[in-house]
Amino acid sequence: MAFAELAVNTPVLRPGSFSYSIPLGLEIKPGQAVWAPFGPKIVQGIVLEITDQPAFGQTREICGVISDTPLLSFHQLKLAKWISQTYLCSIYEAVALMLPPSFERQSLAYISLETIPPATAKNPSETLSPNMQKIFDRLKAGDVTPQSELEKIFGKKTTQNALIKLINQGLVKRTYRISPARVQTKFEKHFRLSGQALAFIKNQNLPKLSPRQTDIFECLRKNPLGIAKSQLNLLFKNNSAVLKALEQKGLVSTEEHQVFRQPIDYSQITPMLHLELSPPQAKCLQAITHSLNTLPENDPNPRTFLLHGITGSGKTEIYLQSLAETLRLGRKGIVLVPEISLTPQTIARFAGRFPGKIAVLHSRLSPGEQFDEWQRIKNGQADIVIGPRSALFAPLDKPGIIIIDEEHEWTYKQQDPQPRYHTRTVANKMAEEYGAVVVLGSATPDIDSYFKAKHGIYQLLELPERLTPYRGASLPKTELVDMRTELSEGNRSIFSRNLHASIEKVLANHEQAILFINRRGGASFIQCRDCGYVAMCKSCDAPLTYHPDQENLVCHQCGRQYSNPLTCPKCSSRRIKYLGIGTQKLEEETRLAFPQARLLRWDSDVTRGKNKHQQIMDTFSRHQADILIGTQMVAKGLDLPAVTLVGVINADISLNLPDFRAGERTFQLLAQVAGRAGRGISGGKVIIQTYTPENYAIQAAVCHDYQGFYAKEITYRRELNNPPFRKLACIVFSHLNHDFCRQQAEVMAETLREKADAGGSGSLEILGPAPAFIQRLRGRYRYQLILRSPNPADFLRNISFGQGWSIDLDPYGLC
């Protein structure tokens with residue numbers, strides 16, 4: 001008998017697989033999806049390997065197959081096992097990253113009466129409570145009933161308690177069925193003239209037709225390959241009866257054709273040729289193509305490249321020509337962008353160079369679009385996949401290059417749920433598996449990446465000159481404004497005098513400006529001026545943000561909304577003060593200061609719709625707005641030649657967070673948003689407003705001095721043993737009860753210290769426990785432990801953590 005090791009879709013999160021026997025006559029291969037029993041339910045499973053002996057003694061049989069062919073390749077299964085080991089997650093959580101969209105299906109509970117109650121069962125009328133009797137009567141009146149339906153009628157808790165008692169008494173039984181697939185291949189009816197109709201036409205003896213039948217018949221005659229039902233509906237209203245009559249006369253035949261739900265209209269994209277490279281670009285491309293043309297075992301150089309190029313230096317052209325070489329070699333490519341907002345612009349450039357060869361994957365697509373794009377990639381109908389971090393796991397059969405644009409961005413780190421992987425780390429492992437090349441591009445590289453490049457772990461490629469709007473163009477002039485001086489001289493506006501005058505000049509010259517503030521909403525908190533009360537979220541230890549467009553307060557941690565108080569809930573005072581500033585308040589102040597300006601706001605509050613990113617981008621690109629106000633979305637990779645001014649309203653927002661990366665984040669944000677200016681022939685200027693002009697990160701951003709910033713930052717990291725000199729693990733316990741949460745964190749800290757002492761882990765530091773930065777989140781208190789060592793995963797791998805614990809290895813920020 002053969003056995004299969006399965007990764008099963010179940011909340012039992014143990015790191016290993018589960019053993020199942022394979023029924024005789026059922027052929028199963030690694031990577032295939034199957035149904036398997038787990039407790040009383042039937043769940044989905046992915047076959048990891050076929051063995052002669054089970055890893056565990058007792059096994060149950062696989063029920064059947066979901067997919068006739070493997071969904072995952074050998075390399076994908078191997079990568080999933082590595083992710084599970086590296087990020088300490090269950091094997092199914094790792095496998096799920098690579099499964100088709102909408103793959104997961106649940107077991108649904110159904111309730112019915114026992115056909116033959118056991119002899120021990122008592123008369124229901126004597127033993128049932130009122131609630132049990134109501135549910136029992138409901139089941140007597142019908143057939144098998146979904147448990148969810150009973151819960152809607154009688155309440156979830158009441159139903160669950162009553163069902164347990166009814167099942168224990170042998171009066172009802174619970175069975176499970178698999179929920180229907182949420183997304184399937186889409187088909188549409190196509191109509192064409194039948195063979196009989198063609199014979200009638202040839203012999204010129206058509207039967208008599210009504211005027212409407214004649215119109216549709218002639219339309220089909222002009223479209224010999226057939227026409228879709230949706231197209232016919234546009235041409236002829238209420239055509240169902242007419243088509244049915246034509247079918248009954250044998251003149252029309254129908255076929256089912258698959259419909260591909262394409263997220264992008266590629267027909268609207270203009271094909272483009274490669275551009276001529278500058279000498280620095282040609283040198284970088286030569287290094288990448290050399291690795292692409294060299295087998296990994298024959299390549300003595302690192303096959304991960306850090307492409308460090310200042311903003312506007314032509315990194316994208318190197319990506320495009322590297323991809324062209326990859327495709328010429330018969331392999332495929334993955335291009336990752338940090339934000340969904342960048343996907344449309346990236347697709348337009350890449351699809352223009354590689355028409356018909358692009359697929360896109362991201363969460364804003366409809367489930368049907370995601371499903372069809374995944375299938376296209378799986379079937380080999382796409383050579384290049386573009387998207388955010390999840391696109392890394394697209395089912396490409398022969399990836400030869402993985403490009404990560406803006407590689408420093410925090411969005412490449414998965415936060416929740418597990419596995420909490422970093423895209424850059426997984427991409428390097430994936431490239432190792434496939435013999436591929438990785439290109440990391442950024443104007444402000446991650447400190448860890450630049451450190452590796454400096455020490456020969458990556459190959460460092462540099463583009464020191466700007467190509468936009470012309471070769472050798474200088475970076476925009478950057479001016480620093482000390483807002484403390486503005487205040488002392490009587491200016492209480494959010495605009496410094498310099499910024500205000502610069503915006504007036506831009507508007508007079510019919511140019512465009514970007515105003516950047518990395519906080520959305522109106523006021524960041526509201527406070528009573530009499531008693532000091534601050535409006536806080538009831539579920540989180542976080543102040544509520546005022547949103548003037550909705551006239552309400554919103555928690556930016558859990559999304560909960562509250563009505564805006566007119567008086568203080570604590571002392572009834574009417575002296576409620578709105579403090580702080582976000583994008584909505586900035587929009588309001590800008591409209592008051594510059595009433596002639598056309599404004600556009602770009603933040604997550606206005607981009608909830610499917611195509612909102614593209615609409616905002618198109619509107620601003622067509623110069624239908626003068627000033628774009630936004631959060632970090634406007635700082636990432638946008639190429640807007642008409643922008644001659646960038647104003648940073650407050651450079652200090654991210655500077656004072658309790659995080660060792662605060663300086664790095666501030667520098668990167670300022671440098672990136674500054675790079676949006678001066679990409680046209682008119683040049684550009686950047687104005688940075690701050691209350692801490694002496695800070696090293698702000699000073700370096702003003703001077704466009706990455707090397708100077710890196711030198712200071714790496715010194716601080718070395719002194720404090722922070723990454724890249726040590727690795728971190730953030731271990732968090734959450735619970736509804738504060739005291740229990742703290743006690744459990746203290747017990748775990750003691751356990752870890754004892755194990756570290758017993759194992760001789762002298763290089764391991766355990767910090768805490770301490771309350772998380774936001775101590776209560778979504779109603780749960782959180783305490784955290786920080787581990788610092790050369791490899792905390794090795795220490796944590798064999799430690800059992802119970803429910804309520806989460807582990808984040810290499811956290812991008814501390815909680």
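Here is what to select, stop by stop.

Keep in mind that this is a predicted model, where local features need pLDDT of at least 70, side-chain atom pairs count only at pLDDT 80 or more, and totals for chains, interfaces and linings use all residues. Residues are numbered from 1 along each chain as its sequence is written, and side-chain values use heavy atoms, with hydrogens and water left out.

**Stop one: α4 and α5**

Select residues 130-141, helix α4, and residues 147-154, helix α5. Helices here are DSSP runs (H or I, at least four residues), numbered from the N terminus. The two pack at an angle of about 130 degrees, with axes 12 Å apart. That makes α4 oblique to α5; angles under 35 degrees count as roughly parallel, over 145 as roughly antiparallel, 65 to 115 as roughly perpendicular and the rest as oblique.

Now show side chains: K134, I135, R138 and L139 of α4 meet E149, L150, I153 and F154 of α5. Contact means heavy atoms within 4.5 Å. By class, that gives five nonpolar, no polar and three charged residues.

**Stop two: α11 and α12**

Next, select residues 279-292 for α11 and 315-328 for α12. Their axes lie 10 Å apart, at an angle of about 30 degrees, which means α11 is roughly parallel to α12.

Which residues of α11 and α12 make the contact? On α11, pick Q281, C284, L285, I288, T289 and L292; on α12, pick E317, I318, Q321, S322, E325 and T326. These divide into five nonpolar, five polar and two charged.

Terms used:
Axes fitted to C-alpha atoms, helices over the stretch in contact; angles between N-to-C directions. Nonpolar A, V, L, I, M, F, W, Y, C, P; charged D, E, K, R; others polar.
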